[in-house]
Amino acid sequence: MPTFRGTRVSRPARTAVPLLAGALLLSACGGGGEDGGSAADGKVSGHISFQTWNLRAQYKDYFNGLIDEFEKAHPGTKVKWIDQPAENYAEKLSADAGGGTLPDVVNVSPDLSYPLAKAGLLMNLDKEPVTAKAKKVYTPEAWAGNELPGLDGAYAFPWYLNTGPLFYNKALFKKAGLDPEKPPTTYDELFADARKMAKSSGGKVATLAGVPAIEDFGRYGVKLMNADATKFTYNEPRGVALLTEYKKLFKSGGLDSQALSATPESAGRKFLQERVAMNPGTAPDLADFKENAPRLYKNLGITDAPNNTGKPNMYVMGLGVNEQSKHKAAAVAFARFVTNQRNQESFAHEVAVFPSTRGSLEKPYWTKDDGTDEGRVRVAAAKMLDGAVNYTPVVMTDEMKTVLQNEVAKALQGDKSPKQALDDAVAQSNRLLQQG
């Protein structure tokens, strides 16, 4: 799951686990039962399983209420709720896929959907008439976020969305001679502001605390992969140009000197200490600033991360339906029920996430600042979801992200040219992709 703070849960780091070969030949988990519910447009009946990702501890009453309501509305149905812990969720999905025990409705992000869909284990919602009709319920961005390259369709009903607002220190911007009400919106503006910030502060204040990740390359306008997601391509000229700019920034002090070893916690501390001018954040951070850095709290601005595409980054969560389910009609009905507008909005009032249903983000809860820190961040973040995309390639594992991070570090340190570093990162990642 995407990272939540306060009442939230953290999404674990993970590497992709190849699906067992037998997953392609499954028959044990369903596929041809005797009752009419085995067809997606059949009778809504039968017992189905529903798996979430580390949600039971804090949202037990919410999900039990949903299940009770669904079962009452559809006599003859029974939903078994399974909640898996955060750790090793991908590995558990892989084991279930290989063993023929994949739940009927399963909580997935696009990177987890991909191997399941490729193995023929998730329903293609664009190809099934009864599910294709549901497309109009969700925002185009959310539906597109669950489409998988090379597989011609969406493989999960959009559930909740998230995005990462960027905090900035207006006082530091003003001190550097920058307009505190106009934070950078493009990478050219970002690099120019960062150079000015470093020069005016004598190198004491950096603008950024972290090195570029794959999302930065996407926001910069770099083509990350080929069309069918079989090869990485972020070593193209625009990718080299971005890394070259970061190298200049690192040398000039616009990028913090400890960026190569930075963690979200260390970057957050430097922002709180006003040694870094911009940093990602969430609503609970504001309470920390209010108590421990009142000057920062008073001068805090909230914006979106700069991009050259006009499209912010977002994180997508969905509910996939097991293609081999014995009770597809019930599974489809339940997945649609959980992700309908009313239930998505209800869930997003309990958790700091955003609904993916059309019209939801136009409502006052997401458009009008209620004067609270949570409301301030919620409204700012909701605006960023208009036109947003998920830049992270669905086939990019944590191992591949580490490869990129290591090669970026070599370029920033001068051990390799930006081009050589990205060429090597792409070559290593493509080998890993072929092995998978």
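Arg219 and Asp216 sit three residues apart in helix α8 (residues 214–220), so about one helical turn separates them; helices here are DSSP runs of H or I with at least four residues, strands are E runs of at least two, and both are numbered from the N terminus. The two form a salt bridge, with the closest N and O atoms 3.4 Å apart (a side-chain nitrogen of Lys or Arg within 4 Å of a carboxyl oxygen of Asp or Glu). Arg219 counts as buried at 12% relative accessibility, and Asp216 is buried at 12% too (buried is under 20% relative accessible area, exposed over 50%, partly exposed in between; 1.4 Å probe, protein chains only).

This is a predicted model, so local features need pLDDT of at least 70 and side-chain atom pairs count only at pLDDT 80 or more, while totals for chains, interfaces and linings use all residues. Residues are numbered from 1 along each chain as its sequence is written, and side-chain values use heavy atoms, leaving out hydrogens and water.

## Other salt bridges

The structure has 17 salt bridges. In one of them, Lys127 pairs with Asp152, with the closest N and O atoms at 2.9 Å. Lys127 is exposed at 54% relative accessibility, and Asp152 is exposed at 55%.

Glu407, Lys410, Lys416 and Asp424 are linked in a salt-bridge network.

## The nonpolar core

The largest nonpolar core has 115 residues (buried Ala, Val, Leu, Ile, Met, Phe, Trp, Tyr and Cys joined through side-chain atoms within 4.5 Å). Its largest share, eight residues, comes from helix α13 (residues 328–338).
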